[in-house]
Amino acid sequence: MEVRVFRGVPGGEQGEVAYDVPPVEGMVVLDAIHHIQKHLQTDLACRWNCKAAKCGSCSAEINGTPRLMCKTRIDELPEGPVTVRPLAAFPLIKDLVTDVSWNYEVNKKIPPFTAAEGDRGPWRIQEVDIDRLYEFRRCIECFLCQDVCHILRNHDMRDRFYGPRFFVRVAGLEMHPKDVLNRVEQTRAEGGLGLCNITKCCTEVCPEHIHITDNAIIPLKERNADAHWDPINFVRRKLRRDSGGGAATRGLDEEPAGGPPR
Amino acid sequence: MAEPYTTIDCDVLVVGAGGTGLRAAVAAAEAGCRVQVVSKSLLGKAHTVMAEGGIAAGLGNVDADDSWTVHFADTMRGGKMLNNWRMVEIYAKEVIDRVFELERWGGLFDRTEDGRIMQRAFGAHSHRRLCHVGDRTGLELIRTCQDKAVHTPGVEVSMEYTLTQLLGDGHHVTGAIGYDRNDGQFVVVRAKAVVLATGGWGRMYRTTSNSWEGTGDGAAMAYLAGAELLDMEFVQFHPTGMIWPPGARGILVTEAVRGEGGMLFNSEGQRFMLEYDPQKKDLSSRDVVARSIFKEVKAGRGTPHGGAYLDIRHRGAEYIKKKLPSMWEQFHSLASVDITREPMEVYPTIHYTMGGVRVDPESAATRVAALYAAGEVAGGLHGSNRLGGNSLGDILVFGKRAGEYAAEYAKTVGSAPVIADAQVAEAQSDALRFLAGDGDATGENPYLLHEALQDAMQDDAGIARDQQSLTRSLEAILELQERAKRMRVGGGRVLNPGWHSCMDVVNMLTVSEAIVRSALERKESRGSQWRLDYPDLSEEQGRVNYAVYRDGELMRIRAVPLEPIPVELSRHLEDG
Ligand SMILES: Cc1cc2nc3c(=O)[nH]c(=O)nc-3n(C[C@H](O)[C@H](O)[C@H](O)COP(=O)(O)OP(=O)(O)OC[C@H]3O[C@@H](n4cnc5c(N)ncnc54)[C@H](O)[C@@H]3O)c2cc1C
Ligand code: SF4
Ligand code: SF4
Ligand code: FES
């Protein structure tokens, strides 16, 4: 079986190198990379940790699609050579490893969870009030969504756009019943929420199946749309959600006419 | 002369960014120190992120009669009384606050009907005690601590640095040296106090739930710096790891599956745990369940791929997907198994290391001045067998304490310590000797030595061991130590995993030697140590822990008598 792996460092020779890897039942792309490291090319660089799709380390572009190497079964890919390349939206370090430190800088700009002064718990929180937050908390920071988003990938607007991962992060804080900060204005002004034109590419690649656009970005845009955010409207939406359905999945319908980008 | 290197100055160096390191960093910074955190991986990728089942704390939210004293007793019994009782007492009391603190920092748990933190049943916990969020509790914990730490003034984090050696004079540490993984340049961190939070070691075994990080660097570094390693013979086999497909072998299947009602069956459809432990059944302690599966397979009652069946289908698809979503996904994507319709195939996998650096129970101080250790790298809390959920609590309780005491110590140190140039130069050449440069790269291949070590440990120092197998294992390790001197790899210093592996192999060999020597010393079966030639508990050996320490080039071992448990505490042991 042929596996073509991108190799190289910035400023040096770069290109795909073909390796012959013996197929093993049920193997994933990361198994193939490990085989190459062990037997063919000891200095081939990649990131991985859990090997179980739980840590978000092993992101790469497999046959052109951003995916986790540890979760991509070779037998699910079309016949023929498998190509593995590093994330294109981030600067190359070596081989399959890119410099993703910018993401950690963005995270620092987002104020941490902040409860009301003196409100120290232990809290009584009903599950219905946090039900939709669990989804956002599932994010494993693989940055595949950041990689695929055209605003970062093609337009390189890192100085004015947080990227989908951090809209998920903000949404998780903004909708937390105990968080008292209003995060919408910063997300608009500094985070570039308005630049997102709901292409949903981010949602498509998320290995945690987070509905990034419908459940995080669109609700944030809605909140942003109301200059003075209307609590009655919020309660109304929430009530509807609780009686089945979910504001989130209907997010698009609720988008005001004209819609984004704003 | 030393090669060029960058120097980082700080009050407290925290080695590791799992739950332990992050909690320690917050504590030390809040005490007014400048803290430098260093980790081998990116932030948020340490083993802590993989924890699934939950964090054990006697909140009594579900079973009202639970309390810290019951938790204390369960933990001591689970460890077969070899635990340091004072650590267990501190732990069981303080973990309750640490859980509430997580929530205060923005962590989200599943809730009870009345809005409190939900708790689930787990192996050998007498009450429903594990606070959890589905089966991704570790992710919640690490993300919460990570966000807290990066927003705490005074905390600096350097990701993807590997430290290779503690600096100091054998009685006192002054910092550490290592390299930036990405460019291969050397870094010296000068510190008034150091907290080791480097986690455990599973990589010297073939079947393991650990990532590449679990090479025992912290234990090896502490040992070389003069600290003692306690209880090293106790390595936990988690009863349920995946066995198929081959590439997934060893990946964890959380105990929460059994906590939520999952049952084990052999190929003849018998629920064998009813026989091995009629009381606790599938939720017996991990050592017991792992041995039972091992015995069933040995007796020819294994599944097609040589394991046991784990069945949760009776809970229904909706419940399974709510409570065990990542297990569903894991089996679905890796093994094409739908766990709501088919049973899983499981077999024991190396998971956790009870042993570790010997520390003072109050302060996490080692016997080397300025050196602290907490979390999985430290020994003492779990005795001969850890109960599930007791690690996520451990890392917060003792991470915080280590950070606080290290900060206190750092404040007593006047000026920044002096680092000897010669020591730096020596550490550098220790690292660089593995690079062939333009020369001959035909030395030993680190990946193949690693594989040979895994064979020696898995086959001869594994779940079942005896004098002969352990002796074989020790001989193999000593031989590999010689061969390791001849490891050579090609490529340069920029992000070269082959080169990094050479240093990992050296650490794994040191730690493996400590495991096997301790296992040879303990001539009894207790907790995770199952000696076929000494199948019973020995009263005499139950009164000591074994500690490994360095004497020149020799590894020595001594028996450390257990502290007697005070009467007021031993009372709780009789209660339940
Ligand atoms: C799959 C899995 C599931 C688990 N589930 C549970 C559970 O449900 N409940 C529970 O209580 N426990 C569970 N555990 C155990 C628990 O997760 C770990 O024991 C715990 O997270 C260890 O935390 P730690 O901070 O001590 O170490 P780790 O999280 O392992 O972190 C170690 C850190 O040290 C760094 N480091 C190591 N060496 C060096 C070096 N040389 N230089 C620089 N940095 C270094 C690493 O990069 C890393 O940042 C599980 C473990 C695994 C593997
Ligand atoms: S939906 Fe928005 S954030 Fe997501 S990829 Fe498209 S533009 Fe980027
Ligand atoms: S939102 Fe999804 S794709 Fe984006 S970083 Fe998180 S897990 Fe990855
Ligand atoms: S290695 Fe953790 S997500 Fe792939």
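These legends walk you through several close-up views of a predicted model.

Residues are numbered from 1 along each chain as its sequence is written, while chains are lettered from A and ligands numbered from 1 in the order in which they are written. Because the model is predicted, local features need pLDDT of at least 70 and side-chain atom pairs count only at pLDDT 80 or more, whereas totals for chains, interfaces and linings use all residues.

**View 1. The surroundings of ligand 1 in the model.**
Let us start with ligand 1, which has 45 residues around it; a residue is near a molecule if its C-beta atom, placed from the backbone, lies within 6 Å of it. The closest ones are B:Gly16, B:Gly18, B:Gly53, B:Gly199 and B:Gly375. Several elements of chain B give two or more residues to this shell, among them helix α1 (19–30), strand β2 (35–39) and helix α11 (390–412). Helices (H or I, at least four residues) and strands (E, at least two) are DSSP runs, numbered from the N terminus. With four residues, α11(B) provides the largest share of the shell. By class, the shell around ligand 1 holds 14 nonpolar, 26 polar and five charged residues. Here Ala, Val, Leu, Ile, Met, Phe, Trp, Tyr, Cys and Pro count as nonpolar, Asp, Glu, Lys and Arg as charged, and the others, Gly among them, as polar.

Now look at ligand 2, which has 14 residues around it. A:Cys149, A:Pro164, A:Cys196, A:Thr199 and A:Cys202 come nearest. In chain A, α9 (201–205) and α10 (212–225) each supply at least two residues of the shell, and α10(A) gives the most, with three. The shell around ligand 2 consists of 10 nonpolar, three polar and one charged residues.

**View 2. A close look at B:Met327.**
You can find B:Met327 in helix α10 (residues 325–335) of chain B. Is B:Met327 buried or exposed? B:Met327 counts as buried because it has 25 C-beta neighbours inside 10 Å. The cut-offs are 20 or more other C-beta atoms within 10 Å of a residue's own for buried, 12 or fewer for exposed, and partly exposed in between, with C-beta atoms placed from the backbone. Leaving aside neighbours within four places in sequence, B:Met327 is in contact with B:Asp135, B:Val253, B:Thr254, B:Val257 and B:Ile339. Two residues are in contact if their C-beta atoms, placed from the backbone, lie within 7 Å.

**View 3. Where chain B meets chain A.**
Here 48 residues of chain B are in contact with 47 residues of chain A. On the side of chain B that touches chain A, α3 (85–104), α4, α10 and α15 (497–521) each supply at least two residues. This side of chain B divides into 20 nonpolar, 16 polar and 12 charged residues. For the complex, the predictor gives an ipTM of 0.95 and a pTM of 0.94.

**View 4. The two domains of chain B.**
Chain B is divided into domain 1 (12–53 + 134–234 + 354–576) and domain 2 (238–348), with bounds that come from an automatic or database domain assignment. How far apart do the C-alpha centres of these domains lie? The C-alpha centres of domain 1 and domain 2 of chain B are 30 Å apart. Between them, 16 residues of domain 1 are in contact with 22 residues of domain 2. The side of domain 1 that touches domain 2 has four nonpolar, nine polar and three charged residues.
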